[in-house]
Amino acid sequence: DVYTSAESLAERLGVSRSKLYARAVDAYVQQHQNAQITVAFNRVYTAEGSRLDKRFAALQEASLPKEVW
């Protein structure tokens with residue numbers, strides 16, 4: 001069960017169960033915050049598009065060093 005698995009993992013990692021649970025909750029919250037950021041970016045790029053202005057693209061390309069292939 002989950003409790004036994006958590007107990008075993010905490011022991012392997014050398015942390016208390018409470019520390020393990022705190023880390024797990026933190027990771028879970030971070031994951032959901034990242035998902036919300038992705039949703040917000042998708043909303044913006046759906047409405048505005050993400051194409052780079054041709055002038056900026058040309059400046060960006062000119063700033064890169066030339067490489068021989």
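In the predicted model, the side chain of threonine 46 lies 2.6 Å from the backbone oxygen of asparagine 42. Threonine 46 belongs to helix 2 and, with a relative accessibility of 69%, is classed as exposed because the cut-off for that class is over 50%. An α-helix has 3.6 residues a turn, so residues three or four places apart point the same way.

Helix 2 comprises residues 17-48. Glycine 49 follows helix 2 and has a positive phi, near 80°.

Two packed helices are described by the angle between their axes and the distance between the axes. For helix 1 (residues 2-13) and helix 2, the axes come within 9 Å and cross at roughly 100°. Helix 1 is therefore roughly perpendicular to helix 2, since angles of 65 to 115 degrees fall in that class. On the helix 1 side, the contact involves Tyr3, Ala6, Glu7, Leu9, Ala10 and Leu13, which meet Arg17, Leu20 and Tyr21 of helix 2. Seven of the residues in this contact are nonpolar and two are charged, with no polar residue among them.

Helix 3 spans residues 54-63. None of its 10 residues is buried, so helix 3 lies largely in the open. At the start of helix 3, the backbone nitrogen of arginine 55 has a side-chain oxygen of aspartate 53 within 2.8 Å.

How values were computed: Residues are numbered from 1 along each chain as its sequence is written. This is a predicted model: local features need pLDDT of at least 70, side-chain atom pairs count only at pLDDT 80 or more; totals for chains, interfaces and linings use all residues. Side-chain values use heavy atoms; hydrogens and water are left out. Axes are lines fitted to C-alpha atoms, for helices over the stretch in contact, and angles run from 0 to 180 degrees between N-to-C directions. Helices (H or I, at least four residues) and strands (E, at least two) are DSSP runs, numbered from the N terminus. Angles under 35 degrees count as roughly parallel, over 145 as roughly antiparallel, 65 to 115 as roughly perpendicular and the rest as oblique. Contact means heavy atoms within 4.5 Å. Ala, Val, Leu, Ile, Met, Phe, Trp, Tyr, Cys and Pro count as nonpolar, Asp, Glu, Lys and Arg as charged, and the others, Gly among them, as polar. Buried means under 20% relative accessible area, exposed over 50%, partly exposed in between (1.4 Å probe, protein chains only). A polar contact is a pair of N or O atoms within 3.5 Å; within protein, one must be able to donate a hydrogen and the other to accept it, and residues adjacent in sequence count only if both atoms are side-chain atoms.
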